[in-house]
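Keep the 3D view open while you read.

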Amino acid sequence: MAIALVGLALAGCGSERQDADEPEGEYTLEVVEASFPERQTTAQRATMRISVRNTDDRDLPNLAVTIATEGSGSGEPAGAFAVAADDTRLADDQTPVWIVDRGPAGGDTAATNTWALGRMFPGETREIEWVLTAVRPGSYTVNYTVAPGLHGNAVPAGGQRTTGSFDVEISDDPVPARVNRRGEVVRGEP
């Protein structure tokens, strides 16, 4: 009995590759529209949107979006909404630029900069949104890449528009706010 349980446990541990079910091949897809405010202020919420269309005549296996942020003066992009930290004393080598208040529903993966959004039917268009709050002033470039698969077996066909970037300036000027007659804080108005 004990030997059978050990055998079952070992069979379930890493015996199959995670990308085993992803079909191989080239797929056509395009970024239809992408937006993110160029000028932002710390503590201000902003929405980043990327709209993707499946232009192939087959289902896309698993739409994946990867985000990498570059900051002026930093070297390599760090994470999705963070830049590489210069301070070697820090436990984490990434410094957040934005806090992700809400990412694409059901898209979280083990990778800190990639979201997997599932199968897409031919002709389907999907709008992907991140609601973010800026926390670090400066100039940044947010790069994005969309792919038809998460593991690299399903790849975009040549000539497809699957990448882009946003140049963003975050100011540390306070967001205008006031208290209205009902005692509520109203932001964005003098």
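1. Start with the pairing of strand 9 and strand 11: they run antiparallel and share four bridges. On that side, R102 stands opposite V131 of strand 11. Bear in mind throughout that this is a predicted model.

2. Strand 11 also pairs with strand 4 (residues 45-54), again antiparallel, and here nine bridges join the two. If you want a spot to look at, R53 has T125 of strand 11 as its bridge partner.

3. How much of strand 11 is covered? Most of it: the strand spans residues 125-134, and seven of its ten residues are buried.

4. W130 is worth a click. Skipping neighbours within four places in sequence, W130 is in contact with A46, T47, M48, I50, V65, I67, F81, R102, G103, P104 and W115.

5. Now the rings. The structure holds eight aromatic pairs. One of them is F36 with W98, a tilted pair at 5.4 Å centre to centre and with 55° between the planes. This pair ties together distant parts of the chain, 62 residues apart: F36 is in the loop between strand 2 (29-35) and strand 3 (39-41), while W98 belongs to strand 9 (residues 98-102). Both F36 and W98 are buried.

6. W98 has another ring partner, Y140, and that pair is edge-to-face, with 6.0 Å between centres and 65° between the planes. Here too the chain is bridged over a distance, with W98 in strand 9 and Y140 in strand 12 (residues 138-147), 42 residues apart. Why do we call W98 buried? Because its relative accessible area is 3%, and the cut-off is under 20%. Y140 counts as buried for a like reason, since its relative accessibility is 6%.

7. Step back and the ring pairs link up into a cluster made of F36, F81, W98, W115, W130, Y140, Y144 and F166.

8. Several of those names come back in the largest nonpolar core, which has 32 residues; F36, M48, I50, I67, F81, W98 and W130 touch the most other members. Strand 2, strand 4, strand 5 (64-71), strand 11, strand 12 and strand 14 (163-171) each supply at least two residues of this core. As general background, nonpolar side chains in soluble globular proteins tend to be buried together.

9. One last item, on a charge and a ring: the charged end of R58 sits over the ring of Y27, 4.0 Å from the ring centre.

Definitions and conventions. Residues are numbered from 1 along each chain as its sequence is written. This is a predicted model: local features need pLDDT of at least 70, side-chain atom pairs count only at pLDDT 80 or more; totals for chains, interfaces and linings use all residues. Side-chain values use heavy atoms; hydrogens and water are left out. Rings of Phe, Tyr and Trp (its six-membered ring) pair if their centres lie within 6.5 Å; planes under 30 degrees apart count as stacked, over 60 as edge-to-face and the rest as tilted. Buried means under 20% relative accessible area, exposed over 50%, partly exposed in between (1.4 Å probe, protein chains only). A charge sits over a ring if NZ of Lys or CZ of Arg is within 6 Å of the ring centre and within 35 degrees of the ring normal. Two strands pair if DSSP finds at least two bridges between them. A nonpolar core is a set of buried Ala, Val, Leu, Ile, Met, Phe, Trp, Tyr and Cys residues joined through side-chain atoms within 4.5 Å. Contact means heavy atoms within 4.5 Å.
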